[in-house]
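Subject: Structure for you to look at

Hello,

Here is the structure I said I would pass on. Please open it and keep it beside you while you read the notes below.

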Amino acid sequence: MNDSSWGAPPRAGFWGPPDQGPAPAGPAYDGHEAQQTRPMPIVPDFPDAGRDADEPSDGDDRNDRDQGAARLSGPLFRDEMPQEPMATPPPAAPEPPQKKRAGRDLRAAIGVGVGLGAVIVASLFIVKAVFVGVIAVAVVVGLWELTSRLDERKQIKAPLVPLAVGGAAMVVAGYVRGAEGAWVAMALTALAVLVWRMTEPPEGYLKDVTAGVFAAFYVPFLATFVAMMLTADDGSWRVLTFLVLTVVSDTGAYAVGWRFGKHKLAPRISPGKTREGLLGAVAFAMAAGALCMEFLIDDGAWWQGLLLGLAVAVSATLGDLGESMIKRDLGIKDMGTLLPGHGGIMDRLDSLLPTAPVVWLLMVVFVGTG
């Protein structure tokens, strides 16, 4: 091979016929072969494969598509069939609405309530002095619960010893000497709280003695009116009427409010109380009051019982709201855990304490001191 072979035309049978010059532009096969040959499908190379529809692409990929890469509108090969969309499962059936449930253990609450009622009724009609002792014990336990919660939640150290001794003495004095004895015992208890607290450092003295005087008035002094009711000839029946009306008022408020309650009575203080519940308390208490005054109280009349029931429903509700205000300030739900299903003693005295002076006063107005 000489050097001129690099520029010579190709040999015959390899690139084309001999001595015909350069091969013409066009397909590499002749027409007969082109008709018998099936071209391979062109599979475009998509740079955007794997990218989400809303994900932006760069400029190079866009240019590649503009220069001839066309997307196929159907399946790439004949044996590929489009998949049918998956069937959407039917929507789940809505769950049935849950029934309202009480916030406490009703069985435990009823059992404890029946037990306490039996003790109270037995002591009330057998020996009055024993019932006075029951009041004194309830007062001491209530003071312990209240002062303990004040110390735990607010670091307020109301002196318990003078409060307990003075509270029990207050109840006994009210039973023996009436209202005069109750006021004297209240004054001496407040003085004992002031003096007792002086034995400790002066820091927090004012808040401690203020809480102590408040506790002495709130628990034992209001409870003294129950002891004063007991001094009448029909005192046992007066106390029983007072207890029955308060319990019936609470029960009516609970039952009607749980079933029909929709409008909140005081949502910032006690979200569970409703206006419908208050109406239930009034209706139940007025009906019970008419029956009690007509059949249990000497010289009582049914219309007096209606007024008495109305007053009890209002005072019991206000007392319940008052203790709810205290518990909200302390950040607690119950004052104690002594009574299963009820909480503590103070959680049962909340409506009884402010109702006691109301019933005592109306009994005096309606039928006298007895």
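Start with two helices that pack together: the axes of helix 7 and helix 11 (residues 352–367) come within 10 Å and cross at roughly 130 degrees. Helix 7 and helix 11 are therefore oblique to each other, and their crossing is right-handed. On the helix 7 side, the contact is made by Arg238, Thr241, Phe242, Leu243 and Thr246. On the helix 11 side, Leu352, Thr355, Ala356, Val359, Met363 and Val367 take part. Sorted by class, this contact has 7 nonpolar, 3 polar and 1 charged residues. Please keep in mind that this is a predicted model.

Helix 11 also packs against helix 9 (residues 302–330), at an angle of about 165 degrees and with the axes 8 Å apart. An angle over 145 degrees counts as roughly antiparallel, so helix 9 is described that way relative to helix 11. The crossing of helix 9 and helix 11 is right-handed. Helix 9 contributes Gln304, Leu307, Leu308, Ala311, Val312, Ser315, Ala316 and Gly319 to the contact. From helix 11 come Pro354, Thr355, Val358, Val359, Leu362, Met363, Phe366 and Val367. By class, the contact of helix 9 with helix 11 has 12 nonpolar, 4 polar and no charged residues.

One is Thr246, in helix 7 (residues 235–260). Is Thr246 buried or exposed? Thr246 has a relative accessibility of 1% and counts as buried, because the limit for buried is under 20%. Apart from residues within four places in sequence, Thr246 is in contact with Val312, Ala316, Ser351, Leu352 and Thr355.

The other is Pro354, which lies in helix 11. Pro354 has a relative accessible area of 22% and is partly exposed. The C-alpha atoms of Pro354 and Ala316 are 6.8 Å apart, while 38 residues separate the two in sequence. Leaving out neighbours within four places in sequence, Pro354 is in contact with Leu222, Ser315, Gly319 and Leu349.

Now step back to the chain. The protein chain has 11 helices and 2 strands. From the N terminus, the elements run α-α-α-α-α-α-α-β-β-α-α-α-α. The chain has 370 residues, of which 36% count as buried. Among contacts with a separation of 6 or more, 69% are between residues 24 or more positions apart.

In soluble globular proteins, nonpolar side chains tend to be buried together. The largest nonpolar core here has 59 residues, and Val226, Val239 and Phe242 have the most contacts inside it. Helix 6 (residues 205–230) gives the most to this core, with 15 residues. Which residues does Val239 touch, not counting those up to four places away in sequence? Val239 touches Leu124, Phe131, Val226, Met229 and Leu230.

Thr189 is buried, with a relative accessible area of 4%. Setting aside neighbours within four places in sequence, Thr189 is in contact with Pro162, Leu163, Gly166, Gly167, Met170 and Ala216. Thr189 and Met170 are 19 residues apart along the chain, and their C-alpha atoms are separated by 8.3 Å.

Last, two loop residues with backbone angles to check. Most residues other than glycine have a negative phi. Gln155 is not a glycine, yet its phi is positive, at about 55 degrees. Gln155 sits in the loop between helix 4 (128–154) and helix 5. With a relative accessible area of 49%, Gln155 is partly exposed.

Asp299 also has a positive phi, about 65 degrees, although it is not a glycine. The place of Asp299 is in the loop between helix 8 (275–295) and helix 9. Asp299 counts as exposed, because its relative accessibility is 70% and the limit for exposed is over 50%.

Regards

Note on methods:
Residues are numbered from 1 along each chain as its sequence is written. This is a predicted model: local features need pLDDT of at least 70, side-chain atom pairs count only at pLDDT 80 or more; totals for chains, interfaces and linings use all residues. Side-chain values use heavy atoms; hydrogens and water are left out. Helices (H or I, at least four residues) and strands (E, at least two) are DSSP runs, numbered from the N terminus. Buried means under 20% relative accessible area, exposed over 50%, partly exposed in between (1.4 Å probe, protein chains only). Contact means heavy atoms within 4.5 Å. A nonpolar core is a set of buried Ala, Val, Leu, Ile, Met, Phe, Trp, Tyr and Cys residues joined through side-chain atoms within 4.5 Å. Axes are lines fitted to C-alpha atoms, for helices over the stretch in contact, and angles run from 0 to 180 degrees between N-to-C directions. Angles under 35 degrees count as roughly parallel, over 145 as roughly antiparallel, 65 to 115 as roughly perpendicular and the rest as oblique. A crossing is left-handed if the near helix is turned anticlockwise from the far one by less than a right angle, and right-handed if clockwise. Ala, Val, Leu, Ile, Met, Phe, Trp, Tyr, Cys and Pro count as nonpolar, Asp, Glu, Lys and Arg as charged, and the others, Gly among them, as polar.
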